[in-house]
Amino acid sequence: MVLAVIVVFAVFGAAGTSFADEIMSTGKKSEPSAWSKWLERPPGPFPGVILPDEPYDGKVVEQPIDFPHDVHAGANQINCLYCHTYARRSAVAGIPPTSKCMGCHNIIATDRPRIKKLTEYWEKGESPPWKKVHDLPDYVRFTHELHLKRFLFDNPEMSVERSDEVCALCHGEVKKMTVARKQKTLTMGFCTRCHEANDGPFDCMECHK
Amino acid sequence: MSLVRNFIENWSRYAKSIDEGGFHEYKHMWGMVVDLDKCTGCNACSVACYAENNIAVVGEDYFAHGQAMHWMRVERYWDEPDIGGKRITETQEHGASFIPMMCQQCNAAPCEPVCPVSAAYHTPDGLNGQVYNRCIGSRYCEVNCPYRMRYFNFYSYYETSWPSPLNMQLNPDITVRDKGVMEKCTFCIHRIKAAKDKANKENRKLADGDFQTACQQTCPTSAIVFGDLLDHDSEVHQLWHKYQTKLGTPRQEKENPELRGYRIYEHINTEPCVTYLERVREV
Amino acid sequence: MKQTMGHSIAWNVISRIPSEDLKDRASGAHNEWREMSKKKFDRREFLKAMGVSGVAVTVAGCDMPSFIASQEGVEEVVSYLSPEEFVIPGVGVWYASVCMQCPAGCGVRGRIREGRLLKLEGNPESSLNAGKLCQMGQAGLQNHYDPDRVTTPLARKGGKLAEVTWEQALTMIEEKTGAGSSIPKNRFAWFTGTVSGHQGVLMKSHLEAMGSTAHFVHETINNQVWRTVSKDMLGLETPRLRFDKAKLVLSFGADFLGTWMSPIHFSGQYARFRSTPDRGMLIQAEPSMTLTGANADMWLAVRPETEGAMALGIANILIKKEKVDASALPESVLDAIDGYDVTTTSRITGIAGDRLIRIVRHLKDLSPSLIVAGASACGHVNGYQSAAAAMLLNFLLGNIGKTIEPGENFSFPQLRPAEGGTRDLARFAKAAGEQQFDAVFFYGANPLFAAPAHMNMAEKLDAIPFKAAFSQFMDETTARADLVLPVASPMEDWGTHVPAYQGDRNAIVFQQPLMEPLYPGVRGLGDLLLGLVKMRNPGPLDDFEDYYAYLQNAFAAIPGALKGEGGDEDAPFDKNLWNRVLQNGHLEVPGAKRSFDTKVFAPDVAGHRENADYPYYLAPTPRAGFYDGRHANLSWLQEAPDQITKIVWNSWAEINPSTAAKLGVEQGDIVKITAAGGSIEATAYLHKGVHPDVVVVPMGQGHEEYGRYATGIGVNPLKILDPLSDGKTGEMALYGTRVKLARTGRSKKLVKAGDAETQHGRKIVATITADHLRRTEGES
Amino acid sequence: MMAEKTAQAAKDIDETIAWARINADVLRSMENPRKGYWVALAVCFAIFMVGVAAEVYQYDVGMGPSNLNNPHMWDLYISTFIFWIGMSHSGTLLSAILHIFHVDWRKPIYRFAEAMTTFSLLTALLFPVIHLGRVWNMHWVFPYLSDRGIWPNFRSPLVWDAFAIATYLTGSVLFLYTGMIPDLAICRDNATGWRKKLYTFLSVGWWGDDRQWRNFRKTYMIMACFLIPLAVSVHSIVAADFAMAIMPGWHVTSFPVYFVSGALYSGCAGIITLFVLLRYFFKFEQYMTIPILEKLCKLTFAIAMVWTYLNLIEFAAVWYGHDVPAKEVLIAKFTGPYSPFFISMLLIGMVLPFSLAFQKVRRNPPLLLAISLLLNTGMWMERYMILAPTLSLSFHPYTWGVMWPSFVEIGIVFGSFGLFGLFFFAFVKVFPSVSMYEVKEMVYHRRRVVFDEAEEKLHPATAPATASASSEDGT
Amino acid sequence: MKKQRILGLFSDFDKAISVIVDIRQYRLPGVSVDDITIKSPIEHPEIEEILGERPCYVPWFTLAGALFGLVFGAFFLSAAQANFLVQPQGGKPVITTMTNLVLIYEMLILFAMLATSLGFLIGGRFMRRRSSLYDTKISLDQVGIEIETDNDYIEPVRKLFTKHMALEIREGKP
């Protein structure tokens, strides 16, 4: 144990301080220390945001109906917020109600097997048992509403049409997937780094409940 | 030179905090006033707290072991014969005295510096934050709390305390604490956060009365007043002002020392953010 | 999982809903609801409704790397089918309803999220509780989510209760009491707690249909005596009391902060009464300290049964010493008063003369005052007389019209609550003993728990051929019933209620479902009653598909009635008004001002009865919390310490230290309390808030059958009460029972919160004198 | 006085003992000890298992079964932790001090004393871990760079503990090991099989030439110098856990000193216990001699007096400091429910040491065993009495309450003694528990005053005579 | 000319001393005091008197270690606090100067001791193949004198050893 401490000190020591200097400091900016060179982060995907890019390859989740995001969001260019409409009104983005699906799909593509399956559920008056893909621990408080506000609605550079880019910050290139897959680590480090870079609130109790 | 920077920054803030009470750069400073003359000791606040904060019901055996968890506990003391003469009578001549005790959210909290992992820390709103999932259960904070207002999960109460369907009542805004975690009154911080978000959404500042703590909301005699001490329009600030209770200074120079406002154990300089108004009794 | 909150309109989004589709929405949603209750679905799934979190626990996961902590594809997400547009996952919506934890009828608002009821708060609109709530009200949640609720109809087969379907259950009732049944008139009875509003109306019409008049209404905690007195002396049963206007309140055991009449309403008044300038003074005279007594400026341990004498004594001093003008009082009264001069009074009541005189001085200086009498004064053989004596003081001090106001008429007499006290319990016991009934329906009352042993309630109940219990829980009475019909919890049901004691403004309180029934097997009381009436005499009510429709129809008549041109049946249904009412949770019904018709008479207060073998009085005081025992199954209230003793999860006996010394009893010793009617054992808690002649064992514990949290905990003092009742009103004399105490030699650690009984000189609760207060903020 | 004189007269060790004997005896001790040794080992193991069972249960269920409650958030665990930390003190500290002052009677006994230090430290380390509500997150106390990038709170005395104890453990292990190298070489030269491999590895190529001896001397001295302030700092920091808290009865400036003296006290007692045991188990009568035991006793007595003094001082400070809560705690200690413990603690700690003033006692190992065990119990109770009364009777009357430990808690505490025993006895079986080379030095130096003779040899004038003279009493 | 090492074992320390004394007096050819190594079972500080002061570098290691510990404690730990503590710091400024002192103190001692033992291992020429001339008797009770010199000068040395009653004389390659 003693050794462990020492080793940890020795290895991370120098790097640790300056790395920390980069990622951990209160809202007020500090002049980047010499070490920050190799920690330079590329500017964000679009103006008004810096994003720590942390690729992560989530596993493919078995869903009752493997919903083709690529068709809807990708090919048909349907806005994310059209279906996930709760995201801008509530903390949780939620799954769109089945009625929304049926809104289109009692006319469109009714012959496809997936739509058939969906219709069955609808008739039975049940909702498909979706599985949660982007899941945060229960002691974490995250509100979609305010993040959208910050990055989309209050961001002069952005327009609602480009909402998918904002969603992509944390959800990855969903429009290229069928069933959604995790593409960001969504660890505390991920959150804090982004908060620090974009002057988000920086206080434990802000995100921990 | 991060060390120096940190030292200088912190020291200047600290030095300021001496004369400005340690909350000069806060956005809010949540405080409370409890009028002991109005408090009837009816326990409503305590039960409301249970309902709001997912507090576990431990049952008789554990209660007997002193492992109960009243974040908000109404304490009852029998009068000492200080008023109404010293003579010992066969029966009471006055009622009892009640006091609702919640975490005093000290401005110089003894619980914070001793937490080895900073699970207990001071939020920029002047609260004593308790990050449940950071807590490792060393229990030093409770050992060092003069008010004994922190409670420890000695067991895992989830199954025993909320047998289905009782668990459907659990408040989603608050974690259900598992064994080995210290917990305490948070001034209903989830309500604060919800109100903040709402204000933020409407691009306005948080106003007094945007939200209430559970105990304040239910108190049948409105003995509990809660609000932002820095907001000069807030009722709580005006009360503090009226009773000349000052935060961030060890001694209270009141022009009129007879005023009712006082804080518990002021002399150990924990600077609690809860002001109690003395109980009044006819003699 | 279908969202079916549609039929109760959220108060904060109503503007967003086009009004024309309201009715369809309502009815439509309503049908959905009914089919919902038929459909089976898994509760767990419901829990997993979207956005529900925090139900899981902070496990070691916190430090695990994210790819473990946030599992992908483990938790299930259940989406809505077709939600209302105002239903947003993760956003709580508040609905107004009424608190049914006690008969006071406070308005509540419930926070709903993802179809779950999460929290109850007082309804700020309510003129009774103005947004406040007591601990019982807060615990209403647990009453709703209780794990031990009866979920399906049960019928007695071979001595044991077995599950049956609703159809079978209803056919059983049909056979016993239906139109076709051979049950003769007057052989049927309802035994209920307080029932009011349209449920009351339906119940009445059911009784009419049954051709019976036997409706027993039982409330162990009541103020019948006081109300009879005010009826006799003021002509009004429930005059409006204004504690906030009074400068001095002298209360003879009226626990108006805890359990008396409308505690939360009075607490609000108390707050104003106590606030500066000219803060009021509270004097409490009672043998055992109640919550109100614990807040009194001056607390007098008056000898039991002598409250009346004390009142007269005070009157005497007022007239003789303080020369208060008593011309208003008739001769007979003055004669009655004459006997009670200071010395006599203090001899009878055991209160020092100087204190009496001090009280009188205060009474004279601080006017207007308010004198009330409550449980411990009224719960005696001479209860009525004592209360009358107390009321007499109000006359003498000219409080009538100042702090006791007539209030307004209530425009809908048919909706007034069917009320009663313990007298009906005795009456019922008598009637049942005489085999008067073939069928009795029980609702909202637990006679078996409340009845003293001398009534032999158990045998009498068994003797009744058919007993149906409309009950939410399996309590003692329900357990003995032949048929158990699970009723919906107050949070799942429709209804209207009329508080017996109205607040500053008369109102009908509306109860609406805050969430859909937890269990598909339960039915609302209204629906059941409606069904019963239809069953007994088909015809008049048949076109009402269910209670909801009936209620709306009945509601349609109200506006007309308010305008004065009596409620016409076929008035159009005003949906906007209906929606507004559902938002507020109540409908104000202004009525004509009432006036007093005073009649003063001389109370004949007998002194207290010496009894050599049973020297002590047993005081089964009610405490806010368990109330009359109906809340003993709520773990929050079991865990919430009793206000006076801070004891939890058990029963106890409060004894005065001097008495204890006499008996050689120490704190924690188990004492045997023996009355003529039997004996109980409880752990002794010593404090000075008890008269030396009194032992207090609060009522509420000692259930034999009431779910996991109440069963087998503590003892039930009601069991050993003597067969005494108030001479005038016939209410049971709850406080009149004589007992003797003996130590068993055993002892048990009191499970109580708080170790120290006093502050040990620490400045925790600091107290200043009222003069001090007047100096600092008196005339500010 | 008489007793004292004769004690002085008695020899610490028999100079005429042959070096070969020394080797033989000590090496034999590692081969075949008395039966008692195996019994002791078995007993320790049994006790340890009890502790393990209890801890497993507690880990599974939560801290509840230990009867801890509000306000008794700390109890036996922490007090036993302090106790073991205390035990760990005298070993190294005394050894170091005595070494610096060239006190040679330390030589036969310091080895096991230092072993005691090391192992009681290891045992002590268990308790902060055991008493954590969420043991699995223990590592958060140490600063390491994680994805979350959060850091322990260096203001917390608990974190200082972590550092101080880690340092002290490293230090005392090094000290113990360094001092053992020459002996390991001896073992290496005589052992066979796995032992040989082990010793060959551990005695890092020691062949005892003057260069090695020279470095050895310096190193050992330097380490001794460092260990003294270190040991003191460690226990003052443990004391800080309490002195930094604002609780009445803890918030006392004299706490660090008080703790250190208490630590030395219990440590000396511990040494006496083990002294007597080893002496019996391994037939070390020639090396762990009665006179040395006597010296130990005198030392213990002296320290006991210091401790007593500090105790009384603390009472006085509290009493005249007139801090009401603290005063109430003090009074409660004498009168309250804990008074039996407290008073017996005072009796044992303050009065019992006086028995060591009698030579008869000092020369009677079995009796000393009993006494030293009693002293240790007393010191353990002292630690318990530091915690319990304050916790049960602090500022807020409403939360006053007496709490008695449950079987689980007692079981774990009990088990820790078993663990220590296991460690210790295993050690003395595998490693020489008496420092052979230093006993040789002791014998050697006591036999003659070397320097003058070397001097003479440098002047050949008188050389032959003395040379011949010297050659006679060679062995 | 090739070097040769010779080891003589003596029953006790005086004989060993006398050998060295002789060497110093009679000036054996090719043998100087510096070629002499004494192998003894116990520590003999007094041999300095005969062999003259020989250097020992351990304290320097100690110093280095102490300095490193000091810097480490002061800078790494404190700087780390500076950077990491701001996050849990939340609203209140955290002044950790005092604790820095404590940690520096501990770190200083820790690294000093580590460095010391390192110096010990290096300075003492440890971790090497055992010399062929080592004899287990040395660890027991005999004192050995090892002299390294040219082949030609071995003879007088052996004579000297035998004269001083060497119990055993061994030779070996360096």
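Two strands pair if DSSP finds at least two bridges between them. The legends below concern a predicted model.

**View 1. Strand pairing between chain B and chain C.** S11(B) and strand S27 of chain C, residues 767-769, run parallel and are joined over three bridges. One of the residues involved is B:Arg279, whose bridge partner in S27(C) is C:Thr767.

**View 2. The contact between chain B and chain C.** Chain B contributes 88 residues and chain C contributes 104 residues. About 8,200 Å² is buried between the two chains, with carbon and sulfur atoms giving 56% of that area. On the chain B side, the residues that lose the most area to chain C are B:Trp78, B:Met168 and B:Glu282, together 10% of what that side buries.

**View 3. A salt bridge at B:Arg76.** B:Arg76 is bridged to C:Glu757, and their closest N and O atoms lie 3.0 Å apart. Across the interface of chain B and chain C, eight salt bridges are found.

**View 4. Polar contacts and the chain B side.** Between chain B and chain C, 42 residue pairs are in polar contact, both residues being at pLDDT 80 or more. The elements of chain B that give two or more residues to the side touching chain C include helix H3 (60-64), strand S2 (73-77), helix H7 (214-218) and strand S11 (279-281). H2(B) supplies the largest share of this side, six residues. By residue class, the side of chain B that touches chain C holds 43 nonpolar, 25 polar and 20 charged residues.

Technical notes
Residues are numbered from 1 along each chain as its sequence is written. Chains are lettered from A and ligands numbered from 1 in the order in which they are written. This is a predicted model: local features need pLDDT of at least 70, side-chain atom pairs count only at pLDDT 80 or more; totals for chains, interfaces and linings use all residues. Side-chain values use heavy atoms; hydrogens and water are left out. Contact means heavy atoms within 4.5 Å. Buried area is the accessible area (1.4 Å probe) that two parts lose on being put together, summed over both. A salt bridge is a side-chain nitrogen of Lys or Arg within 4 Å of a carboxyl oxygen of Asp or Glu. A polar contact is a pair of N or O atoms within 3.5 Å; within protein, one must be able to donate a hydrogen and the other to accept it, and residues adjacent in sequence count only if both atoms are side-chain atoms. Helices (H or I, at least four residues) and strands (E, at least two) are DSSP runs, numbered from the N terminus. Ala, Val, Leu, Ile, Met, Phe, Trp, Tyr, Cys and Pro count as nonpolar, Asp, Glu, Lys and Arg as charged, and the others, Gly among them, as polar.
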